[in-house]
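Okay, everyone, thanks for coming. Let me put the structure up and we'll walk through a few spots.

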Amino acid sequence: MIKKSHKTVKTPAAAQWLLKTMALYESHHSMAGDFEENYIRMVREDGVGKAWVWYWAQMLRSLPNYILLQITTRAMMLANYIKIAFRNIRKSKSFTFINVLGLATGIAVCIVIMLYVQHELSYDTFHEKADRVYRFGNEARNSSGTRMWGWTSVTMADVLKAEFPEVEEATRILTEMGETQISYQQYGFIEDRVMYSDSHFFDLFTVPLISGDPRTALQDPYTVVISQSAAKRFFGETDPMGKAIQIRNWWSDNDDHIITGIARDMPHNAHFHFDFLISYNSSRVSKSDNWGYWQVFNYVLLREDADPDAFEAKLPDLIKRQVRAGMDEDRLAAYEEYLAQGYGSRLFLHPLRDIHLTSHLEHEIEPNGNITYVRMFSVIAVFVLLIACINFMNLSTARSANRAREVGIRKTLGSERKQLVLQFLMESILLSLASLLLALFIVTCTLPTFRIFAGIGNHVGLWNQAWLLPVFLFFTLVIGFLSGIYPSLFLSSFHPIRVLKNLQSSGSQGRRVRNGLVVFQFTASIALIASTWIIKNQIHYMVNTDLGYDKEQIIVLSNGRALREHYDAFRNELLRDPAVVRTAVSGQYPAQALHVANFRVKDDETRGWVSIFNSTVGHDFLETLGMDILQGRTFSRQMATDTGAVLLNESAVRALGIEEPIGAILDSFRPRTVIGVVKDFHFRSLHYPVAPLVYFLSRNNRYGYISIRIQGKDMPQTISRIESLWNRFTGGQPFNYTFLDEYIGRLYLAEQKTSQITSVFSALAILIGCLGLFGLAAYTVEQKTKEIGIRKVLGATSLRLLLFLSRDFMRLIIFAFMVAVPVSYALMHQWLQNFAYRIAIPLLSFIYAGLLTLCIALSTIGYQVFKASRQNPVDSLKYE
Amino acid sequence: MGILTRNEEIILIAIWKLGGNAYGVSIRDKIMDMTHQNLVYGTLYNSLEYLIRKGYVASRKGDPTPERGGKGKTIYSVTPAGKQAMIDTRQLNDHIWQDMPALESG
């Protein structure tokens, strides 16, 4: 009877389901039993309805407790996982250390590179109208090739505003030529961040003025806006507004300029910076309304609805109109013919924000960055991180040898697979978090050095890039997860009995992957080392190659115009110094040339104009620099007619097509007679081939640069004597000097930097590669402990064992070497195309790189192998 | 020396009194009997779980009975540590209440 009633009673199904899903106690089964027992009792005593209500009430009122218990249980499980993870980590310290160090290095490299990339991409984005501002570039094509210029016509800003409705505003920037001396009261300084611009400058660029009115500050001639830091430097606490400073350079001649504005310092990530922004009207250039005078950087602000491509398409017509306007019939015909040959200038627009990374014109305002480097580094960052992650994964998997037994026992004791997976994941996430911490520490330590090295400002930091940390935390967790998931799934899949009976050679499945990884890492290492080697060779070649003149022992004074008419007297005094051999002036830095003008042989209509570099030099210039005259003679003090004479280099003779150069007459601004031919020398960096060059003779020796060839050992003494002489003749004007050879060396600053970067990356690649190898070697040795023991018992020597154990690794490295050679050869071949004068790729560099890598790799595994081979076989075999 | 909370104390006393027959239903009945207050199963289970974690209570599987729809019981018992805690708690109680002036007015 009772039994029957049991069968008829049904507990509420939904409530039971709820109980089942919610329950987390050891056995929800017995709990449900308790509920049911109680329920049945109530049904008997109080009827079904009341029992049903009671059941539900019990259920619902128990819910908060369930949830609470759930949470505490989960937390306890987590704490337990972490505790065990910590134990495991502590148990294998060296493994953990290698793992964390490798991953930390990867993350640190990645963070640093991302900071750099982010900085490079941020250039000029702070200008509010940056998306509508464009700079003009000029692609000039003529018989000697195509050149990309930044300078365009001085009248362009006015023409554009008058003729193109889509142009909202336009402005120009004129940069200094040579050096600028700024004086206030009795103090004078050479300043190098000096620019000229007009009153529309502030319409295009977001440069806030602390005092002064941006609309009028640059309106009048002889006004100047100075930067905050310059104001502080020159005036300290006093208010500079309305004060007069003297500005003397190529464009202005020591006139008083009134300070009409103080601008906040430009941020580091701008493609130009100024300390002195002088009104354009103050410059000599502003007097010219000649379209053909291309000397300034022109910027336009397009209207919001304007299409830049359509605007750009109208520019060729603009040039034609403007050029034709100033020509007579004859020249017009010559010009048409010139155009018909495909020559002439093409104007193009460069978006403001892209200038820093993608513009590489001649005469950039400041050296720009390079999008290629940004891309290259991004790729490297991803690769380094990837390798570090795979290494991390790899080491964890390789460790399965030790842990297979642990898994077996855990499984036997009833661990579920889920729990094991969680356990392993927890470990790898913990390690990855530790790596992140270490990486942040590394970055904090190395960032100051890196800032200087990469030429990025102090504002680039770890803690002021708010987005960076969450992103990296997230990525680290992902890395930890991904790196942990394979080993954890793999390890937890072990069959307990097979593992415990030592049947499963754990970790052997991943072998191919691991070997592939080692090959990849060492390919990268070898390729990087070889590349570094080749880059260094190329730099060495460029710095030491014979430039066609003697660049050693030449001091260049760069404020020559301060001597005014006293140069000759200065020179005479100077030459009485036994340490001074020769001296000469030049308009541009000696043995460098920036200016280009068009030349042709006079009255020779058959040939067109040829654009040729030119520079003005004083007497003795060629002798001072040690250049060779091939034909004719150099400028002479005895020949008064030499002021109308020119010297050509061999390339110019060829470009002009002159057969008998001496006595030939060239047509440019005025006719000039060729009196001599100079042997070709490198007046630009070795990126470029030797171009045609014309030397004019200076008329009055009042030029910017004075080259002094000195001899003898006591350089500081000589310089201080020159300085005191200088002070005597200039009345204490700033004395600025450089060494010619150092200046030439600086032409290859970008390459020096590349070489440093590849060195650093080679070191990193080797480090990370070796960490991976170290782990792998440890694993292999561990796997072969018994084999080693048996071999020793059978009489193998330590040396033989060393060879036996390292054989596999050697094979991998040799394979890596064979991959690395063609890859780095191709890359370096490509890189060397940047230089007109380059080395042949030295094949030895690959051999050296391979040997170096092999040695490092061998010493990495050597320690492990050596330890194993020295082991007493009794120890390794006694467990059998 | 582990001093039990009031809740723990009551549960342990209930289990102790029940001897070998302490499982969900009987414990709850016993407690309700002792305290004259309703007790929700969820609270009881939670407390039991924490007591197990503390090591004061041990649990083992009991046999299923027909009135439970064939579901097994979990039988609870007090461990030596639990017993010690009960003794300590009781001694403390006695000590605290010692020399207590009468609470009832009189």
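So, at what angle do the axes of helix α4 and helix α15 of chain A cross? Roughly 65°, and the axes come within 9 Å. Before I go on: this is a predicted model, where local features need pLDDT of at least 70, side-chain atom pairs count only at pLDDT 80 or more, and totals for chains, interfaces and linings use all residues. Residues are numbered from 1 along each chain as its sequence is written, and chains are lettered from A and ligands numbered from 1 in the order in which they are written.

Back to the pair. α4(A) and α15(A) are therefore roughly perpendicular, a word we use for 65 to 115 degrees. On the α4(A) side, the contact (C-beta atoms, placed from the backbone, within 7 Å) includes A:Y81 and A:I89, and on the α15(A) side A:L422 and A:L431 are among the residues. The contact residues divide into nine nonpolar, two polar and one charged.

Next, the backbone. Most residues other than glycine have a negative phi. Well, A:Y222 has a positive phi of about 60° and isn't a glycine. You'll find A:Y222 in the loop between β8 and β9 of chain A. A:Q553 also isn't a glycine, and has a positive phi of about 60°; look in the loop between α18 and β15 of chain A. How many other C-beta atoms lie within 10 Å of A:Q553? There are 18, so A:Q553 is partly exposed (buried is 20 or more, exposed 12 or fewer, partly exposed in between).

Note on methods. Helices (H or I, at least four residues) and strands (E, at least two) are DSSP runs, numbered from the N terminus. Axes are lines fitted to C-alpha atoms, for helices over the stretch in contact, and angles run from 0 to 180 degrees between N-to-C directions. Angles under 35 degrees count as roughly parallel, over 145 as roughly antiparallel, 65 to 115 as roughly perpendicular and the rest as oblique. Two residues are in contact if their C-beta atoms, placed from the backbone, lie within 7 Å. Ala, Val, Leu, Ile, Met, Phe, Trp, Tyr, Cys and Pro count as nonpolar, Asp, Glu, Lys and Arg as charged, and the others, Gly among them, as polar.
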